[in-house]
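This briefing goes through one protein chain, topic by topic. Please keep the sequence and the 3D view open while reading.

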Amino acid sequence: MAKISVIGTGYVGLVTGVCFSDLGNEVWCVEIDPQKVDMLKKGKPHFYEPGLEELITRNAAAGRLQFTLDYAKAVPDSDFIFICVGTPMSDCGAAELKYVRTAAEGIGEHLEGYTIIVNKSTVPIGTGDLVTEILSGHTDPANFAVVSNPEFLREGSAVTDVFSPDRIILGAVDQAAAQKVADLHAPLGAPIIITDLRTAEMIKYASNAFLATRISFINEMAHICERLGADVREVARGMGMDKRIGPHFLNAGVGYGGSCFPKDVRALAYMAEEQDCHPQLLEAVMEINTDARLRFVARLVEMIGDLQGKTIGVLGLSFKPNTDDMRDAPSLDILTRAHELGATIKAYDPQAMARAEEIMPWVTYCATPYDAAKEADALLVVTEWNEFKQLDMKHVHELMRKPVLLDGRLVYEPADMRRLGFQYYGVGRP
Ligand code: NAD
């Protein structure tokens, strides 16, 4: 069994650390935020992710999982150190590398003996070389190897994804080091591709850009379907049965969000521009995504008129179901726009309201979906949490001031909603 350090306890770092400890390794999670470390030491994750808390409790109790603010406790005599810090979008659109740099410095200062540094953060192509350069400033390059190992987990199913990945991508100059990281992952039984550093880094960006492209593609189809009287959900179903196309990421709606797709597509476009490539497809993907959010508000105005003095109920705030992550959630643009146009907003989300309140204090947060619907002039579905599929929509109809329902995630059947008396709009449906 290996000694593993994980730098950063966000969605990627914490789940990675927990997974490796569950496989029997000794894992140290290093975090700079004392509040997060305090919570983790009490067995509480600082974000919502299904199944995570039980795993933390079990592995911490077994003495295999530790949390610390101190690199000196974790880094020396680690066999592997995973860098899992954030790489948010900077003002120019590039990925911000300051957290990666600080993590690499912190590791370099405490390295003892041969260690493999694994970069799991999504980083611009060439960052593996940057980490190598930083570490070389502290120690002899013979004492370490840098391996790129991009992460593909999805928030909301992160634990399952980390235990059962579709594939493991590894990139390195030192192929023997990459093989050691492959051996560490062997218990997961996933196919492993070993390639060079830059190719591994690029695989992550290309994957996210492709998934975002599928979403923007179907959203463009949705717009066209609405005008031509076709139903985009049936179109996507019909397309998805074609094995060459497949059914995934063809859900029309108010667009993608979250901590990955928006920043990664933007960062890839930035890197392309820097190299004098013209990333016209990526630009279109981003433009369509912004339009999907704004068009939803435009449709709201079309349906109920001037928003001044109107009350809008909202179901769902997180960027997707089963997470409390609000980073670049479509709800932010949609609610802000409606608020700017004079609407009073009442919202309900099963997990994300505390985080949403920090960003949108002007929203009234409701205890139930029914409270959000009460006295509303329109109800918007922005995130497709399962519990919204089970609502008593007859009761929702009774509670509302005007029964106008805008379904941004195609949760409801149009015919059912119309039968109940709703004026129903579903993105891309006739
Ligand atoms: P996050 O922001 O949730 O977590 C990062 C954590 O690192 C924070 O807790 C922060 O306090 C900590 N940190 C920052 N600097 C540190 C330092 N020097 N030392 C120790 N801790 C430090 O980020 P995330 O969502 O887990 O994403 C991490 C990386 O993985 C990003 O590059 C992201 O693009 C990528 N990624 C994320 C997902 C996802 O679904 N969230 C999926 C795949 C890949």
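**Briefing: contacts, salt bridges and domains**

Leaving aside residues up to four places away in sequence, T311 touches T344, K346, E375, A376, D377, A378 and R401. The model is predicted. T311 belongs to strand β9, which covers residues 311–315. With a relative accessibility of 13%, T311 counts as buried, because the cut-off for buried is under 20%.

**Domains**

- The domain assignment divides the chain into domain 1 (3–195) and domain 2 (232–426).
- Between the C-alpha centres of domain 1 and domain 2 the distance is 33 Å.
- In the contact between them, 18 residues of domain 1 meet 18 residues of domain 2.

**Salt bridges**

- Side chains of opposite charge can pair when their charged atoms come close.
- The structure contains 24 salt bridges; the pairs described below are among them.
- One of these salt bridges joins the side chains of D77 and K3, with 3.5 Å from N to O. D77 sits in the loop between α4 (71–74) and β4 (80–83), while K3 is in strand β1 (residues 3–7), so this pair ties together parts that are 74 residues apart in sequence.
- K3 has a relative accessible area of 8% and is buried.
- A salt bridge also forms between D129 and R198, whose closest N and O atoms are 3.1 Å apart. This pair links distant parts of the chain, as D129 is in helix α6 (residues 127–136) and R198 in helix α9 (residues 197–228), 69 residues apart.
- D129 is partly exposed at 34% relative accessibility, and R198 is partly exposed with a relative accessible area of 43%.
- E340 and R337 meet through their side chains in a salt bridge of 3.2 Å, N to O. Both E340 and R337 lie in helix α13 (residues 330–340), where they are 3 residues apart, about one turn of the helix.
- E340 is exposed, its relative accessible area being 54%, whereas R337 is partly exposed at 33%.
- A network of salt bridges links E155, D325 and R327.

**Packing of α12 and α13**

- Helix α12 spans residues 280–304, and its axis comes within 9 Å of the axis of α13. The two axes cross at roughly 35 degrees.
- The crossing of α12 past α13 is right-handed.
- On the α12 side, the residues in contact are R293, L294, F296 and V297. On the α13 side, they are P330, D333, I334, R337 and A338.
- Sorted by class, the contact of α12 with α13 has 6 nonpolar residues, 3 charged residues and no polar ones.

**Loop between β9 and α13**

- N322 is found in the loop between β9 and α13. N322 is not a glycine, yet its phi is positive, at about 65 degrees.
- N322 has a relative accessible area of 34% and is partly exposed.
- D328 lies in the loop between β9 and α13 too. Its phi is positive, at about 50 degrees, although D328 is not a glycine.
- D328 is partly exposed, with a relative accessible area of 33%.

**Loop between α16 and α17**

- Q390 is located in the loop between α16 (386–389) and α17 (393–399).
- Is Q390 buried or exposed? Q390 counts as exposed, at 65% relative accessibility, because the cut-off for exposed is over 50%.
- Q390 and G258 are 132 residues apart along the chain, and their C-alpha atoms are separated by 25 Å.

Technical notes
Residues numbered from 1 in each chain as written. Predicted model: local features only at pLDDT ≥ 70, side-chain atom pairs only at ≥ 80, totals over all residues. Heavy atoms only, no water. Salt bridge = Lys/Arg side-chain N within 4 Å of Asp/Glu carboxyl O. Helix = DSSP H or I, 4+ residues; strand = E, 2+ residues; numbered from the N terminus. Buried < 20%, exposed > 50% of the residue type's maximum accessible area, 1.4 Å probe, protein only. Axes fitted to C-alpha atoms, helices over the stretch in contact; angles between N-to-C directions. Left-handed = near helix turned anticlockwise from the far one by under 90°. Contact = heavy atoms within 4.5 Å. Nonpolar A, V, L, I, M, F, W, Y, C, P; charged D, E, K, R; others polar. Domains from an automatic or database assignment.
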